[in-house]
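Please read these notes with the model open beside you.

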Amino acid sequence: MAARGFPYTDLKDFLAALERAGELRRVDVPVDPTLEISEVVTRTVRAGGPALLFERPTRGDMPVAINLFGTEKRMAMALGVENLDEIGARIGELLKPELPQGFSGMMGGLGKVMQLKSMPPKKVKTAPCQQVVYRGDDVDLNRLPGLQIWPGDGGIFHNFGLTHTKHPETGKRNLGLYRLQQHSRNTIGMHWQIHKNSTAHHAVAERLGQRLPVAIAIGADPAVAYSASAPLPADIDEYLFAGFLSGERVEMVDCLTVPLQVPAHAQIVLEGYIEPGERLPEGPFGDHTGFYTPVEPFPVMHIECMTMQRDPVYHSIVTSQPPQEDHGLGKATERIFAPLLRFLIPDIVDYDLPAAGVFHNCAIVSIRKRYPKHAQKVMNAIWGAHMMSLTKLIVIVDEDCDVHDYNEVAFRAFGNVDYGRDLLLTEGPVDHLDHASYQQFWGGKAGVDATRKLPTEGYTRGWPEEMRMSPEVTALVDKRWKEYGL
């Protein structure tokens, strides 16, 4: 069942839906975007509190919307479902490889194809995001209430800017979510990590000696905002995916000064370019790892045009040691892409990416074990699966273990493992932000086989039987529970 008002026209439409549902709180007193907003948001997230709209930030010309995706409930609302697994089920249906049989099967297959075919973005000539236009010397990023989140941050950052680039040779579009450090009134540092598609686009532009056009949209509708964060394969267009999520084609408009398109209903758009070879120090920044990331040289975007809606709302996010708002985004990715991971690795029954592992440090995976060293086979398959390659710790459990119950997982991992035999150590790529690896970008990884061991794996003692109460006694105690006065 879709959320009321879904799909949302724009960010303001989503905020209105959150307010109707009692999931939004307005803050009508002045609050400083330097540190104060961050502390308020962090306390709110950790209390399981609502989305926030700071109506009177003491810097900038517009309100700040934040913590929109901080719970699974709001994340489900953002994508128009009761449960995030519903979207995964839709993807699972599209991935089914069986050939259609008979007329009804052909029509079902045609329906799937049409469902995808109808989702590409739709170009429009005029757009709300271009109601107000600033060019040249009138461009001033200080109109935006960008945040300084932590005392040691290198300055003001824009943390939910949806960055658009195109491959200079193929024209293939990329939409990504990257932090953006404000260097001046019209320049921004682009934190393009080594594994990101925008980094590849920039590398080609530099090789050709060309400027790379860039457009940044702030305050998009939630389906587009989520799609920018999703770990999609390079050949899947993020706007096609956003259309799939919302069930409607995303309206796009040509930028005024660069050859790119942006969502027509964004709140704010920044247009500009990156000069080949230019870098500036970016950082430090208190990231979702819970640590400051160091200063590194990154490309610089020169902004020539800023457009926005009348009375825009600025969207941002706070990053910190978990739990934080990105838990909602990460959990959505886990559930939405579960069928795709199972399609790539059919051995997997379910998986969980704990928030405490910031979604790429740890994966808990259940399998239906069928042969010796099956767990190790799955570990290696995961390390070869797209962005799952960055996972540092994989814990494999049997299918009867609930991967989302961390107590049960810990019981298996602590008790079912002989660490002299059941621990697989290897090396491979790690996240750009990983501070624990001795070399940047690569480091050690571990796989823990917490499944029941087989005689064919060298375990000859006979795996013990787990204690279970008899069904008859369980039913008797259920029936008499009130009598016990407990």
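Predicted model: local features only at pLDDT ≥ 70, side-chain atom pairs only at ≥ 80, totals over all residues.

1. Residues are numbered from 1 along each chain as its sequence is written, and side-chain values use heavy atoms, with hydrogens and water left out.

2. An unreviewed UniProt entry places "domain: 3-octaprenyl-4-hydroxybenzoate carboxy-lyase-like N-terminal" at residues 15-90. UniProt positions follow the numbering used here, feature names are shortened, and annotations may be inferred rather than shown by experiment. Residues 15-90 are 39% helix and 14% strand, with end C-alpha atoms 26 Å apart. Helices (H or I, at least four residues) and strands (E, at least two) are DSSP runs, numbered from the N terminus.

3. The UniProt record, again an unreviewed entry, puts "domain: 3-octaprenyl-4-hydroxybenzoate carboxy-lyase-like C-terminal" at residues 329-450. That span is 28% helix and 26% strand, and its end C-alpha atoms lie 28 Å apart.

4. The protein chain is divided into domain 1 (118-308) and domain 2 (345-459). These bounds come from an automatic or database domain assignment. Taken over C-alpha atoms, the centres of domain 1 and domain 2 are 34 Å apart.

5. How many residues of each domain are in contact with the other? The count is 15 residues of domain 1 and 13 residues of domain 2, where contact means heavy atoms within 4.5 Å. Domain 1 and domain 2 bury about 1200 Å² between them, 66% of it on carbon and sulfur atoms. Buried area is the accessible area (1.4 Å probe) that two parts lose on being put together, summed over both. Gln193, His195 and His288 supply 40% of the area that domain 1 buries against domain 2, more than any other three residues.

6. There are 0 salt bridges between domain 1 and domain 2; a salt bridge is a side-chain nitrogen of Lys or Arg within 4 Å of a carboxyl oxygen of Asp or Glu.

7. Two local backbone features remain to be noted. Glycine 283 and proline 284 are joined by a cis peptide bond, with omega about -5°. Proline 284 is in the loop between β13 (280-282) and β14 (285-286). Leucine 35, a residue other than glycine, has a positive phi near 75°. The loop that holds leucine 35 runs between β1 (24-27) and α2 (36-46).
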